[in-house]
Amino acid sequence: MPPTPCRTCQEFTLAEAVANGERDWSKATDWRVLRKRHQETGEYLDQKAG
Ligand SMILES: [Zn+2]
């Protein structure tokens, strides 16, 4: 895991926090999975599903 989150990581983290704020647990999980996948593969936000 990179020591400093990139901007995409931060956007995923923010989106997850917003989803949690909306009590939309499934969406929050989606964002968390997307962030993890992004960190593993270097994918970017515009490739997110949904
Ligand atoms: Zn990142």
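1. Helices here are DSSP runs of H or I with at least four residues, and strands are runs of E with at least two, numbered from the N terminus. This is a predicted model, in which local features need pLDDT of at least 70, side-chain atom pairs count only at pLDDT 80 or more, and totals for chains, interfaces and linings use all residues. Residues are numbered from 1 along each chain as its sequence is written.

2. The protein chain has two helices and zero strands. Of its 50 residues, 10% count as buried, a class that requires 20 or more other C-beta atoms within 10 Å of the residue's own; 12 or fewer make a residue exposed, anything in between partly exposed, and C-beta atoms are placed from the backbone.

3. Helix α1 covers residues 7-21 and has 15 residues. The expected span of a helix is 1.5 Å times one less than its number of residues; for α1 this gives 21 Å, and the end C-alpha atoms are 21 Å apart, which agrees.

4. Arg23 lies in the loop between α1 and α2 (25-41). Its phi is near 60 degrees, a positive value in a residue other than glycine. Most residues other than glycine have a negative phi. Arg23 is exposed because it has 8 other C-beta atoms within 10 Å.

5. How do the two helices α1 and α2 pack, and at what angle do their axes cross? The axes come within 8 Å and cross at roughly 165 degrees, where axes are lines fitted to C-alpha atoms, for helices over the stretch in contact, and angles run from 0 to 180 degrees between N-to-C directions. α1 and α2 are therefore roughly antiparallel, since angles over 145 degrees count as such, under 35 as roughly parallel, 65 to 115 as roughly perpendicular and the rest as oblique.

6. The residues in contact, meaning that their C-beta atoms, placed from the backbone, lie within 7 Å, include Phe12, Ala15 and Ala19 of α1 and Ala28, Trp31 and Leu34 of α2. By class, the contact has seven nonpolar, five polar and four charged residues. Ala, Val, Leu, Ile, Met, Phe, Trp, Tyr, Cys and Pro count as nonpolar, Asp, Glu, Lys and Arg as charged, and the others, Gly among them, as polar.

7. Asp30 is in helix α2. With 18 other C-beta atoms within 10 Å, Asp30 is partly exposed. Its C-alpha atom is separated by 9.8 Å from that of Ala15, 15 residues apart along the chain.

Notes. Two residues are in contact if their C-beta atoms, placed from the backbone, lie within 7 Å.
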